[in-house]
Amino acid sequence: TIAAAIVVGIILHAGNHLACDFPRLTNESDSKYNLYLIRDFGDIQPKYIDLVKGVEGVTGIMMLIFMLIAFTLATSWFRRSLIKLPKPLDRLTGYNAFWYSHHLFAFVYILLIIHGTNLYLVHDWYKMTTWMYIAIPVLLYAGERILRYFRSGFHSVRLLKVAIYPGNVLSLQMSKPPQFKYKSGQYMFVQCPAVSPFEWHPFSITSAPDDDYLSIHIRQLGDWTHELKRVFSEACEPPVSGKSGLLRADENTKKSLPKLLIDGPYGAPAQDYRKYDVLLLVGLGIGATPFISILKDLLNNILKMEEQADSLSDFSRYSDQSVGSFDSPALNKASPKRKKALRTTNAYFYWVTREQGSFDWFKGVMNEVAELDQRGVIEMHNYLTSVYEEGDARSALITMVQALNHAKNGVDIVSGTRVRTHFARPNWNKVLSKVGTKHANARIGVFYCGAPVLAKELSQLCNEYNQKGSTKFEFHKEHF
């Protein structure tokens with residue numbers, strides 16, 4: 001939207017000069033030129049090319065070129081390396097090219113100040129107001145960058161554990177700075193000086209706010225993440241038998257782990273999950289990361305509420321046995337304070353992935369939720385899209401073996417967790433219908449993280465169901 005507004009501004013501003021002002025000035029009669037313009041442009045009437053070659057013309061053209069480069073390399077074709085170019089032109093694609101080209105804005109602003117102080121018909125400095133409009137946003141931006149610089153320095157972290165899982169996913173567990181407070185669903189920026197001293201990349205936080213550590217899961221997708229995995233692979237050791245992860249490292253590893261800097265946290269749509277009665281969390285591949293933190297936070301809250309309920313029941317039994325207990329101020333003080341009850345009553349988590357090895361990423365979390373959620377508040381569904389749907393004859397054998405093993409051992413043979421894996425893609429119409437019917441008149445928060453394709457379908461379904469009944473589906477999305 002901002003880029004489109006800049007394009008409109010350029011067409012109006014530069015188009016007015018090039019197609020109107022310059023031709024009129026160069027074709028003006030000698031009498032009018034000597035009467036009105038000789039004091040501004042000199043004794044000799046300028047030609048069109050002279051105006052274009054002047055300070056105003058050159059700075060304007062250079063600004064246009066810089067912004068065109070930044071815009072082109074920011075498009076999804078270049079940013080996501082969808083266009084394959086021969087070497088060495090391949091460096092013009094990818095996140096790095098987008099990131100560095102967008103910092104051309106610094107030169108654009110410098111050129112804009114020069115452009116605005118060489119006006120053709122204005123000579124009084126206080127009438128050259130361009131710098132006034134630029135000053136406040138530049139100061140705000142510079143202040144924010146300085147704040148981020150110092151804040152990232154304060155948030156020094158120590159790497160505790162590293163694991164590289166199937167599907168090229170790097171898991172980093174680090175110490176949690178005392179002043180680092182965040183909500184589930186939020187993200188933070190990470191910098192690894194060993195890879196790049198300048199680049200900061202955003203990643204969803206997969207640990208819960210009550211955990212005494214911070215964790216993120218990074219999938220190898222671009223040049224920076226490729227290099228990050230390589231750096232950490234060199235510091236890792238082969239996996240110990242019985243432990244997941246291809247390579248592992250921790251504080252006790254002989255090799256020193258690369259340094260990490262963090263900056264955050266920053267807000268994301270998923271952090272508002274506490275506002276809803278029911279949650280429907282949909283993650284595609286690595287898009288499951290923000291919801292893992294939410295599941296862990298919900299589980300922690302469930303366990304706290306159960307402990308609180310147990311302590312209250314124990315106290316009430318003690319109170320009934322004590323004579324005059326209700327009149328005793330000492331016992332009233334001893335009564336534990338009631339915390340605000342968690343509004344969310346149920347959560348449904350749908351994780352859709354193409355690779356079976358992906359389920360290793362969060363195996364521990366899923367097993368913990370399945371084991372400790374005795375009241376069935378959290379319902380988890382894993383979907384493997386690389387296998388034919390369960391009703392298909394081609395997947396009948398694996399479905400039968402899977403069902404027998406789950407019934408006998410309580411473990412799914414596909415995911416290796418307590419959560420049963422389904423095949424093919426979910427029927428989202430049925431999913432929303434089931435959740436809406438089960439929780440009539442509820443306010444359901446639908447949170448999606450993944451590729452943009454499915455976001456449209458879920459958004460349309462939410463709108464359709466909102467028009468049908470009293471159950472309200474509120475859709476939130478984020479893309480990676």
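Helix H7, residues 105–116, has 12 residues and reaches 16 Å from its first C-alpha to its last, close to the 16 Å expected at 1.5 Å a residue. That expected span is 1.5 Å times one less than the number of residues. Helices (H or I, at least four residues) and strands (E, at least two) are DSSP runs, numbered from the N terminus.

This is a predicted model, in which local features need pLDDT of at least 70 and side-chain atom pairs count only at pLDDT 80 or more, while totals for chains, interfaces and linings use all residues. Residues are numbered from 1 along each chain as its sequence is written, and side-chain values use heavy atoms, with hydrogens and water left out.

Which residues of H7 are buried? They are Val 108, Leu 111, His 115 and Gly 116; buried means under 20% relative accessible area, exposed over 50%, and partly exposed in between, with a 1.4 Å probe and protein chains only. Seen down the axis of H7, these buried residues fall within an arc of 130°, so they line one face of the helix. The arc is that of the directions from the helix axis to the C-beta atoms.

Let us turn to helix H2. Residues 30–41 form H2, which spans only 13 Å between its end C-alpha atoms, whereas a straight helix of 12 residues would span 16 Å at 1.5 Å a residue. Its buried residues are Tyr 33, Leu 37 and Phe 41. They cover an arc of only 50° around the axis, which puts them on the same side of H2. On the face turned away from that buried side, H2 carries the exposed residues Ser 31, Leu 35, Tyr 36 and Arg 39. Just after H2, Gly 42 takes a positive phi of about 90°.

Next, the sheet. Three strands form an open, antiparallel sheet in the order E4-E3-E7; two strands pair if DSSP finds at least two bridges between them. Its edge strands are E4 (201–204) and E7 (261–266), each pairing on one side only. Strand E3, residues 187–191, pairs with E4 over four bridges, and the bridge partner of Met 188 in E4 is Phe 203.

Finally, the core. The largest nonpolar core has 30 residues, and Leu 279, Phe 291 and Phe 447 are among those with the most contacts inside it. Such a core is a set of buried Ala, Val, Leu, Ile, Met, Phe, Trp, Tyr and Cys residues joined through side-chain atoms within 4.5 Å. Helix H10 gives the most to this core, with seven residues.
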